[in-house]
Amino acid sequence: MFMNKLVNYLLALGVLFGSSKLVAQDASVFTQFKIPTFEYKQLYVEGQDFLNYMSQGDVSDFNMNLDGYFNYRNQSPMMTYWVGDNLSYVSNSHDNGTVKTDVSVMENYLNFGARKWLMDDAKGVFAFGNGTLNYSKTTDVDAVKSLPLTLGAGYGRVTEEYAVAQAIVVLKELGADVSNENILKLADIIAKSNSGYYSVQFKDDANIEYYKDIASVTGKADDAIKVQRILGGGIYQTTNRANGWWGMVSFSNTFMTDLDPAPKGSVILGGEYAMPMDLDKQFRAWAWYNNSLEDAPKVNTFTLGALFSIDHNYLWASKAEFNYTQYMPDPGDGKSDWTLGVESNYYVLNQMSAYGRLAFSNLEGSTGNKDMKTEFKVGARYYIW
């Protein structure tokens, strides 16, 4: 029974993914894309109801709220690093005429990270690290703090290139020059925007500067509204793109906690492979092994997955994905989860949208249920007026 279902399922996949209306001019444009170089920083404070006082009869309330934010990011092909901090302070004084209470809460979250390539071609050997320092203090309560931290190294590079796919759609839909040179120029602008550069650098004028830069490449200064609909309207179906491969090993643990015994963390080993297939198809595969360093009982895991996506045209995109996880408890017997699914999304401008999903799975490892699960979903929306 299962084999018959699987055969029919794979035949359906073949029909769904077997054709595409986007003819590739040259998929090498993905290998030519370079990580954009830019830097931005942002510091601001805000107080929503900074001071709030209320008095009625013998009852009074006094509240104070203050938030502070700092963001810094520096990105180049060879190195990317960032620091972000969010500080929040809330104070409340309440008097009901008999009892007066004063409570204040201060929370601070400092996140940071870096990834550095050690070879001149911005590929090959790299080192990385990231973490978040969490601190919270409430009146008359001991401070709560923790520092989740990850450090690692690897070889190779996978470059996220969704901006390249978006650039191709914009140029084609506007009837502009779809040369590799123009694609790469426009992708650089879009990638900067996706990373927050324009919103931080130009604030209220972000959209003006963003679409001005896009127009400098497309030569279509009057099509800003259409560009906005393509990039942010949710109608144009552009699946993610990535290119390259890498393998890495890292150590993760949480420090500065009051846990007893203190956590020992885990070592994660694995890698990923990504390949654009023409301009409209993407293949991606990954494998990860998580080795827990904790004392027994503990659970090690091995994860394997693959994804294939296709943009049939700018209004219709589909993907098929396989995920497998093996749980290896110590002590205990190993169990596994697996899921094989396909879904498709189709839009006709703003008037109609439809989607469908078909999936088979067995989640014995996480749920204990040995029965295979079949999932089928369809949906549509049509605006009459």
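Helices here are DSSP runs of H or I with at least four residues, strands are runs of E with at least two, and both are numbered from the N terminus.

Before going further, a note on what you are looking at. This is a predicted model, in which local features need pLDDT of at least 70 and side-chain atom pairs count only at pLDDT 80 or more, while totals for chains, interfaces and linings use all residues. Residues are numbered from 1 along each chain as its sequence is written, and side-chain values use heavy atoms, with hydrogens and water left out.

Now the whole protein. There are eight helices and 15 strands. Along the principal axes, the C-alpha trace spans about 75 × 65 × 55 Å. Of the 385 residues, 36% are buried. Buried means under 20% relative accessible area, exposed means over 50%, and partly exposed is in between, using a 1.4 Å probe and protein chains only. Among contacts with a separation of 6 or more, 58% are between residues 24 or more positions apart. Contact means heavy atoms within 4.5 Å.

Back to H6, which covers residues 206-218. At 1.5 Å a residue, its 13 residues should span 18 Å, and the end C-alpha atoms are 18 Å apart, which agrees. The expected span is 1.5 Å times one less than the number of residues.

Which residues of H6 are buried? They are Ala206, Tyr210, Tyr211, Ile214, Ala215, Val217 and Thr218. Seen down the axis of H6, these buried residues fall within an arc of 160°, so they line one face of the helix. The arc is that of the directions from the helix axis to the C-beta atoms. On the face turned away from the buried side, H6 carries the exposed residues Ile208 and Ser216. The cover over the buried residues of H6 includes H3, H4 (180-194), H5 (197-202) and H7.

One more residue in H6 is Lys212. With a relative accessible area of 48%, Lys212 is partly exposed. Lys212 and Leu118 are 94 residues apart in sequence, and their C-alpha atoms are 36 Å apart in space.

Next, H4. Its 15 residues should span 21 Å at 1.5 Å a residue, and its end C-alpha atoms are 20 Å apart, which agrees. The buried residues of H4 include Ile183, Leu186, Ile189 and Ile190, and also Asn180, Asn182 and Lys192. What do the buried residues of H4 pack against? The partners are helix H2 (29-32), strand S1 (38-46), H3, H5, H6 and H7. H4 is followed by Gly196, with a positive phi near 90°.

Two packed helices are described by the angle between their axes and the distance between the axes. H3 (residues 162-174) and H7 (residues 224-232) pack at an angle of about 145°, with their axes 10 Å apart. Axes are lines fitted to C-alpha atoms, for helices over the stretch in contact, and angles run from 0 to 180 degrees between N-to-C directions. From H3, the residues Gln166, Val169, Val170, Glu173 and Leu174 meet Lys226, Val227, Ile230 and Leu231 of H7.

Last, some backbone points in the loops. Most residues other than glycine have a negative phi, and most peptide bonds are trans. Asp140 is not a glycine but has a positive phi of about 65°. Asp140 sits in the loop between strand S6 (125-138) and strand S7 (144-160), and counts as exposed at 77% relative accessibility.

The loop between S8 and S9 holds Met256, another non-glycine with a positive phi, of about 60°. Pro261 is in the loop between S8 (242-255) and S9 (266-277), and a cis peptide bond with omega of about 5° joins Asp260 to Pro261. Lys264 lies in the loop between S8 and S9 as well. Leaving aside neighbours within four places in sequence, Lys264 is in contact with Phe251, Asn253, Leu293, Glu294 and Asp295.

A cis peptide bond also joins Asp330 and Pro331, with omega about 0°. Pro331 is found in the loop between strand S12 (316-330) and strand S13 (335-348). That is where I will stop.
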